[in-house]
Amino acid sequence: MEYKQCSKCHQLKVVAEFRKGRKQCKGCIAARRAAYNAANRERIAARIAAYNVANRERIAARRAAYNVANRERRAAYNAANRERIAARLAAYYVANKDRCLAYKVARRHGKIITKYTKQFFQTLSFGSKLKTQNENEQNNENTNS
Ligand SMILES: [Zn+2]
């Protein structure tokens with residue numbers, strides 16, 4: 001087996017413990033990254049949040065496309081991990097009860113039919129079948145008169 005010495009911890013390690021072309025072992029690189037992340041937690045969170053806001057439509061469209069393209073794969077995963085997923089959702093619900101209830105209410109009142117979902121289905125060109133609640137109400141008025 002081929003060995004290499006880490007320039008940081010100075011231990012002699014198997015080459016597989018190093019990324020190609022790196023002088024520090026994977027363990028030392030991971031430790032450095034973890035220390036950086038811990039020291040810059042707020043800055044990193046703010047950067048990610050800003051990115052997510054600026055790219056909201058793009059992210060939602062990509063996620064929706066992924067979900068459609070991987071429907072069978074997701075169904076298989078969900079079936080294989082049913083208990084684990086249920087436990088995670090239950091724990092989330094307990095920890096975020098107010099948030100969950102607010103979401104549920106907003107959804108019921110049609111405030112979250114996500115224009116992103118709608119936009120995505122429009123790009124698939126059968127979007128004309130999807131209507132927001134307001135449009136449905138308008139159509140009902142038209143057929144009634
Ligand atoms: Zn090392």
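Colleague: What share of the contacts with a separation of 6 or more comes from residues 24 or more positions apart?

Modeller: That share is 18% in the protein. Keep in mind that this is a predicted model.

Colleague: OK. And how many helices and strands are there?

Modeller: The secondary structure comes to 8 helices and 2 strands.

Colleague: What percentage of the residues is buried?

Modeller: Buried residues make up 3% of the 145 in the protein.

Colleague: Take α1, then. How many of its residues are buried?

Modeller: The count is 1 among its 14 residues, so α1 is hardly covered. The helix runs over residues 26–39 and reaches 20 Å from its first C-alpha to its last, close to the 20 Å expected.

Colleague: And α2, what's the buried count there?

Modeller: For α2 the count is 0 among 14 residues, and this helix too is hardly covered. It spans residues 41–54, and its reach of 20 Å between first and last C-alpha is close to the expected 20 Å.

Colleague: Switching to the loops: where does His10 sit?

Modeller: His10 is in the loop between β1 (3–5) and β2 (12–14). It has a positive phi of about 60 degrees, although it is not a glycine.

Colleague: Is His10 buried or exposed, and why?

Modeller: His10 is exposed, because 9 other C-beta atoms lie within 10 Å and the cut-off for exposed is 12 or fewer.

Terms used:
Residues are numbered from 1 along each chain as its sequence is written. This is a predicted model: local features need pLDDT of at least 70, side-chain atom pairs count only at pLDDT 80 or more; totals for chains, interfaces and linings use all residues. Helices (H or I, at least four residues) and strands (E, at least two) are DSSP runs, numbered from the N terminus. The expected span of a helix is 1.5 Å times one less than its number of residues. A residue is buried if 20 or more other C-beta atoms lie within 10 Å of its own, exposed if 12 or fewer, and partly exposed in between; C-beta atoms are placed from the backbone. Two residues are in contact if their C-beta atoms, placed from the backbone, lie within 7 Å.
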